[in-house]
Amino acid sequence: MSKLNKFITSSSIIIVILLVANSGLLSKPLEAGNPKNGQRMFEELLCTNCHGTRGEGSSAANGGGPKLAPDPAPLSVYLELVRRPRLNMPPYPEERASDQDIADIHAYLKGL
Ligand code: HEC
């Protein structure tokens, strides 16, 4: 194999490795939500302040969070809206609530 060919072959291998590493194929998938931890996080992160202790929602004077339970929107919607709320809800970045915490909260609300 010529030097140039060797260089091209090894570069392509490195590029493929980088692509796979970045594609999310190697990242850990979310585990099934744990409702017990979800309840704890729902209280600890003060979701309860605006959405009620059992996700029943509250009046405008109490933060005006809409009703979340029973029948919460799908988890994909939760992951999006908790990170980037539409209006008055404070955003929760990854440092405060991991994707797994949000999945756990979702499991808690689903079980109510
Ligand atoms: C300061 C009050 C407040 C807190 C704290 C809060 N929310 Fe909200 N939330 C709202 C309001 C108000 C909305 C309506 C959309 C908006 O104004 O951003 C909302 C919307 C949502 C929605 C979308 C529901 C829908 O039907 O559109 C979800 C899901 C949600 N909140 C989950 C949470 C979770 C989970 C937490 C805790 C990690 C939390 N919220 C903390 C006020 C709050």
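I began with the ligand and sorted the residues of the shell around it, which divide into 17 nonpolar, 6 polar and 1 charged. The model I am reading is predicted.

I then looked up which of the 24 residues around the ligand come nearest, and found C47, C50, G63, L87 and M89. By element, helix 3 (47-51) and helix 4 (75-83) each supply at least two residues of the shell. The largest share comes from helix 3, with 4 residues.

C50 sits in helix 3. Leaving out residues up to four places away in sequence, C50 touches S58, N62, G63, G64 and G65. I also took the distance from C50 to M89: the two are 39 residues apart along the chain, and their C-alpha atoms are separated by 8.7 Å.

Next entry: helix 2 and helix 5. The axes of helix 2 (residues 35-44) and helix 5 (residues 99-110) come within 7 Å and cross at roughly 100°. That angle falls in the range 65 to 115, so I noted helix 2 and helix 5 as roughly perpendicular to each other. On the helix 2 side I listed P35, N37, G38, Q39, M41 and F42; they meet D101, D104, I105, H106, A107 and Y108 in helix 5. The residues of this contact divide into 6 nonpolar, 4 polar and 2 charged.

I stayed with helix 5. Helix 5 has 12 residues and reaches 16 Å from its first C-alpha to its last, close to the 16 Å expected at 1.5 Å a residue. Its buried residues are D101, I102, A103, D104, I105, H106, Y108 and L109. They pack against helix 2, helix 3 and helix 4.

Last, I went through the backbone. Most residues other than glycine have a negative phi, and most peptide bonds are trans. I noted these departures.

- A cis peptide bond joins A69 and P70, with omega about -5°; P70 is in the loop between helix 3 and helix 4.
- D71 lies in the loop between helix 3 and helix 4 and has a positive phi near 60° without being a glycine. I found 9 other C-beta atoms within 10 Å, so D71 is exposed.
- L46, in the loop between helix 2 and helix 3, is not a glycine but has a positive phi of about 65°. With 11 other C-beta atoms within 10 Å, L46 is exposed.

Key. Residues are numbered from 1 along each chain as its sequence is written. This is a predicted model: local features need pLDDT of at least 70, side-chain atom pairs count only at pLDDT 80 or more; totals for chains, interfaces and linings use all residues. A residue is near a molecule or strand if its C-beta atom, placed from the backbone, lies within 6 Å of it. Ala, Val, Leu, Ile, Met, Phe, Trp, Tyr, Cys and Pro count as nonpolar, Asp, Glu, Lys and Arg as charged, and the others, Gly among them, as polar. Two residues are in contact if their C-beta atoms, placed from the backbone, lie within 7 Å. Axes are lines fitted to C-alpha atoms, for helices over the stretch in contact, and angles run from 0 to 180 degrees between N-to-C directions. Angles under 35 degrees count as roughly parallel, over 145 as roughly antiparallel, 65 to 115 as roughly perpendicular and the rest as oblique. The expected span of a helix is 1.5 Å times one less than its number of residues. A residue is buried if 20 or more other C-beta atoms lie within 10 Å of its own, exposed if 12 or fewer, and partly exposed in between; C-beta atoms are placed from the backbone.
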